[in-house]
Amino acid sequence: MTQEHRDLVSKVPAVTLGFWIIKVLATTLGETGGDTVSMTWDMGYLIGTAIFLVPLLVLVAWQIAAKRFHPFLYWATIIASTTAGTTMADFATRSLGIGYTGGSTLLLACVLACLAAWYWTLGSVSVDSVRSPRAEGFYWLTITFSQTLGTALGDWAADTGGLGYGGGALLFAAGLALIAALYFWTQVNRVLLFWAAFILTRPLGATVGDFLDKPLDHGGMALSRPLASAALAGAILLLVLLIPQRAGRHPAGA
């Protein structure tokens, strides 16, 4: 099989700087978009979750059924997972009353359980191995739980941890900088670093999103959630158009 054909059958993007920039913007949009429906439009966390779960399930099914990598389909699915993650986390931590610490702990356990089940079933959790419907199923399930974890973790840092939204954003940005340093200057396992970075981008986006739209007396900038969401969606669309989007490459024989 040629490298060109391997690229064709891969349906997840190559992990580049552009990938991480769009991912952070998508997670920020997930926070402002989820809060727009549940808070600004006053639909509540349960109804908001139901609203976002339907397109998420449709998009995941479409993504798995697709024969090749489609950038807009992939990023639409990421955005759907992060908006659903916002309302699901808020429902768990606030409506069910388990709190940010309990929610973060529970959701971290779910992420680790997904990765463990994926590894035990298919022998790898590398994105380079995402080339079958089963692998894609584990991939999107892990991503959705990681997006949900990120919301709870961001709220935990900002509120329970007392860092505020700006301080929480700086904490998670520092964590990502550390992961980047480990990537460039050490031999730490690349798969481990990828998933650590993937998880940390979500609480970074959550704290940045809250910083943008929360009231001034809560440490935010009090921007309009719908307008902030529209601006973020426009920025993501522009970047997907401008930044070269290509499928990730599977190792030969994988």
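Reader: Let's start with a pair of residues: are arginine 225 and aspartate 213 buried or exposed?

Author: Arginine 225 and aspartate 213 are both buried. That word means under 20% relative accessible area, while exposed means over 50% and partly exposed is in between, using a 1.4 Å probe and protein chains only. Before we go on, note that this is a predicted model, where local features need pLDDT of at least 70, side-chain atom pairs count only at pLDDT 80 or more, and totals for chains, interfaces and linings use all residues. Residues are numbered from 1 along each chain as its sequence is written, and side-chain values use heavy atoms, with hydrogens and water left out.

Reader: What makes arginine 225 and aspartate 213 a salt bridge?

Author: The label needs a side-chain nitrogen of Lys or Arg within 4 Å of a carboxyl oxygen of Asp or Glu. Here the N to O distance is 3.6 Å, so the pair qualifies. Arginine 225 belongs to helix 9 and aspartate 213 to helix 8, so the bridge ties together parts 12 residues apart in sequence. Helices are DSSP runs of H or I with at least four residues, numbered from the N terminus (strands are runs of E with at least two). Bridges that share partners also join Asp35, Asp210, Asp213, Lys214 and Arg225 into one network.

Reader: How do you know that aspartate 210 and lysine 214 meet in a salt bridge?

Author: Their side chains come to 2.8 Å, N to O, so they pass the same cut-off. Aspartate 210 and lysine 214 are both buried. The search of the whole structure turns up eight salt bridges.

Reader: Aspartate 90 and arginine 94 are on that list too, I gather. Why is aspartate 90 called buried, and what is arginine 94 called?

Author: Aspartate 90 has 0% relative accessibility, so it counts as buried. Arginine 94 comes out at 28%, which means partly exposed. Their closest N and O atoms are 3.7 Å apart.

Reader: On to the rings. What makes tyrosine 139 and tryptophan 140 edge-to-face?

Author: Rings of Phe, Tyr and Trp (its six-membered ring) pair if their centres lie within 6.5 Å; planes under 30 degrees apart are stacked, over 60 edge-to-face, and the rest tilted. For tyrosine 139 and tryptophan 140, the centres are 5.2 Å apart and the planes stand at 85 degrees, so edge-to-face it is. Both residues are buried.

Reader: How many aromatic pairs does the whole structure have?

Author: The search finds 16. One of them joins tryptophan 118 and tryptophan 195, at 5.9 Å between centres and 80 degrees between planes, so this pair is edge-to-face as well. It links distant parts of the chain: tryptophan 118 sits in helix 5 (residues 99-122) and tryptophan 195 in helix 8 (residues 190-213), 77 residues apart. Both tryptophans are buried. Among the members of one aromatic cluster are Trp118, Tyr139, Trp140, Trp195 and Phe198.

Reader: How do you know that lysine 23 lies over the face of phenylalanine 198?

Author: A charge sits over a ring if NZ of Lys or CZ of Arg is within 6 Å of the ring centre and within 35 degrees of the ring normal. Lysine 23 is at 4.2 Å from the ring centre. Arginine 190 does likewise over tyrosine 183, at 4.6 Å.

Reader: And why is phenylalanine 72 called partly exposed?

Author: Its relative accessible area is 45%, so it falls in the partly exposed range. You'll find phenylalanine 72 in helix 4 (residues 71-95).

Reader: What makes helix 2 mostly covered?

Author: Of its 24 residues, 17 are buried.
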